[in-house]
Amino acid sequence: MSDLSTRPALISKVIPDSIAAEIGFDAGDAIIAVNGQKPRDLIDYQFLCADEFLELEVLDAKGKTHKLEIEKEYDEDLGVEFETALFDGLIQCNNRCPFCFIDQQPPGKRETLYLKDDDYRLSFLYGSYLTLTNLTQKEWDRIEQMRLSPLYVSVHATEPEVRIRLLKNLRAGKILEQIKWFQERRLQIHAQVVVCPGINDGEHLERTLLDLAKFHTGNIPAVASVAVVPVGLTRFRPAEDELIAVTAEKAREVIEQVQKIQGLLSKGKGSEKAKKKNSKSRCIWLADEWFLIAGLDLPSAADYEDYPQIGNGVGSIRQFIQQFETAFAKLQPMQVEPPRKLVWVVGNAVEKAFEPIVQQLNQIPGLSVNMAALCSHYWGQTITVTGLLTGQDLLEALQGRDLGDGILLPSVMLKQGEPRFLDDMTLEQLASSLKTRILPVSGVEELISAAIGLATAEVKF
């Protein structure tokens with residue numbers, strides 16, 4: 001399970017009242033081995049700890065090694081969190097995709113922004129996408145032996161020459177063989193197709209989707225779902241990348257094409273009995289962004305079934321609206337006292353979709369919420385999703401504007417676990433420059449709580 005490059009698993013947090021807390025673990029301690037084996041990642045650690053008797057080799061924060069014996073319930077967690085899920089380092093990408101967001105950033109920002117993740121372990125643990133181009137036989141064997149499924153795979157095209165052109169990697173042409181490998185072992189993938197106009201659209205997109213749909217059969221389909229996503233471009237991308245931005249016209253064309261394929265596949269499901277058994281069996285999904293770019297209404301909540309590709313922006317806006325309506329309906333008749341005025345910052349891609357939310361919030365006596373729907377001059381985008389707005393974008397758009405009692409800021413704009421934007425500006429810097437307080441909100445409940453003045457975290461200037 002380990003190799004010479006495996007480092008001790010550094011503990012970043014000990015959960016109160018857990019086994020680890022009772023024993024006396026502290027943040028800064030590290031686990032070297034479990035039952036004599038060095039875990040190379042969180043997957044190994046969880047597998048090794050699924051036992052009633054554990055022998056731990058631990059390195060404390062002072063550099064002293066200890067050996068501990070623990071008796072617990074079979075599936076009981078020790079109660080520690082780690083600095084990273086990968087104790088032997090990140091498997092980085094060996095492709096040169098022209099649409100890769102990593103290569104579309106300016107130089108000189110924090111180092112982690114330039115790490116190209118192509119690690120199957122992060123795909124299994126957190127749903128990040130990988131290409132399958134850099135796996136060794138040892139890793140393929142591990143996926144099979146440990147049943148690491150589902151994985152999330154960036155397919156983009158199934159025609160070998162088209163995928164090789166997109167990934168700039170000769171190994172990229174084996175994707176259909178690799179999906180068949182998953183099928184033979186009853187393992188699953190969720191697929192992603194980033195549509196680049198002029199390269200993998202049109203007949204190539206149709207071929208890709210029909211190829212993938214062939215693997216969406218049986219009780220455990222090898223391809224559980226496919227997300228079709230528009231390419232996102234920034235002003236920092238290489239001049240020779242041959243990429244074309246998705247226009248409103250192109251978005252409508254792709255929507256029509258994919259919906260036609262969805263209809264054909266639905267008709268080909270077989271008998272009525274089979275249709276009933278597989279009522280939630282749609283394979284191909286369009287990302288919300290297509291409808292936003294096209295200026296069309298989003299599909300209804302029922303169209304997303306159980307949201308299999310929500311992490312890829314398929315249905316996330318519709319789900320947010322639905323969750324808001326449910327939460328808002330539960331609010332008791334109330335009045336905000338003293339009255340307050342707030343600015344809710346979002347990407348301009350969702351302006352039309354979120355307008356009803358603003359209208360409902362403004363029905364509360366004493367509350368005034370204005371939406372600031374911004375594009376990103378930083379990235380050079382006329383249509384921008386909320387998560388890509390930077391501190392610089394907010395500063396340029398909001399400086400000199402009446403911000404009332406503060407800003408409602410979706411935390412999706414910030415680095416996970418740290419109050420910092422993609423351009424490295426901190427929340428504190430932005431609050432100081434705008435001379436206002438900022439209320440980071442994550443999800444519907446926090447948005448409503450912050451808006452009506454209930455206790456919530458805030459950054460003051």
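Guide: Helices (H or I, at least four residues) and strands (E, at least two) are DSSP runs, numbered from the N terminus. This is a predicted model, in which local features need pLDDT of at least 70 and side-chain atom pairs count only at pLDDT 80 or more, while totals for chains, interfaces and linings use all residues. Residues are numbered from 1 along each chain as its sequence is written, and side-chain values use heavy atoms, with hydrogens and water left out.

Visitor: Okay, where is Tyr307 found?

Guide: Tyr307 sits in the loop between α10 (288–294) and α11, and its phi is positive, about 50°, although Tyr307 is not a glycine.

Visitor: Does it count as buried or exposed?

Guide: Tyr307 counts as buried because its relative accessibility is 14%, where buried means under 20% relative accessible area, exposed over 50% and partly exposed in between, with a 1.4 Å probe and protein chains only.

Visitor: Which residue other than glycine has a positive phi near 55°?

Guide: That is Lys435, with phi near 55°, and its place is the loop between α14 (427–434) and β14 (438–441). Lys435 counts as exposed, because its relative accessibility is 61%.

Visitor: On to peptide bonds: which residues does the cis bond with omega about 0° join?

Guide: Ser149 and Pro150 are joined by that cis bond, and Pro150 belongs to the loop between α4 and β7 (151–154). The peptide bond from Glu337 to Pro338 is cis as well, with omega near -5°, and Pro338 lies in the loop between α11 and β11 (340–347).

Visitor: Now α11 itself: at what angle do α11 and α12 pack?

Guide: Helix α11 (residues 316–329) and helix α12 (residues 351–361) pack at about 15°, and their axes are 10 Å apart. Axes here are lines fitted to C-alpha atoms, for helices over the stretch in contact, and angles run from 0 to 180 degrees between N-to-C directions. That angle is why α11 counts as roughly parallel to α12, given that angles under 35 degrees count as roughly parallel, over 145 as roughly antiparallel, 65 to 115 as roughly perpendicular and the rest as oblique.

Visitor: And which residues in α11 meet α12?

Guide: On the α11 side they are Ile317, Phe320, Ile321, Phe324, Glu325 and Phe328, which meet Ala353, Phe354, Ile357, Gln360 and Leu361 in α12, contact meaning heavy atoms within 4.5 Å. Sorted by class, this contact has nine nonpolar, one polar and one charged residues. For these classes, Ala, Val, Leu, Ile, Met, Phe, Trp, Tyr, Cys and Pro count as nonpolar, Asp, Glu, Lys and Arg as charged, and the others, Gly among them, as polar.

Visitor: How do the axes of α4 and α6 lie?

Guide: The axes of α4 and helix α6 (residues 175–184) come within 11 Å and cross at roughly 30°, and therefore the two helices are roughly parallel to each other. Trp140, Ile143 and Glu144 of α4 make the contact with Gln178, Trp181 and Phe182 of α6, a set that divides into four nonpolar, one polar and one charged.

Visitor: What about Lys138, buried or exposed?

Guide: Lys138, which has its place in helix α4 (residues 137–145), counts as exposed because its relative accessibility is 52%. Its C-alpha atom is separated by 49 Å from that of Ser449, 311 residues apart along the chain.

Visitor: Let's go inside. How many residues has the largest nonpolar core?

Guide: The largest nonpolar core has 96 residues, and those with the most contacts inside it are Val228, Trp290, Trp344 and Phe354. A nonpolar core is a set of buried Ala, Val, Leu, Ile, Met, Phe, Trp, Tyr and Cys residues joined through side-chain atoms within 4.5 Å. Leaving aside neighbours within four places in sequence, Trp290 is in contact with Val195, Val228, Val229, Pro230, Val246, Ala251, Val254 and Ile255. Another core lies apart from it, of 23 residues, including Phe25, Ile31, Tyr45 and Leu48.

Visitor: Last one: what does Met371 touch?

Guide: Not counting residues up to four places away in sequence, Met371 touches Trp344, Val346, Glu351, Phe354, Glu355, Val358 and Arg401. Met371 is in strand β12 (residues 367–374) and counts as buried because its relative accessibility is 15%. Met371 and Gly347, 24 residues apart in sequence, are 9.9 Å apart in space, C-alpha to C-alpha.
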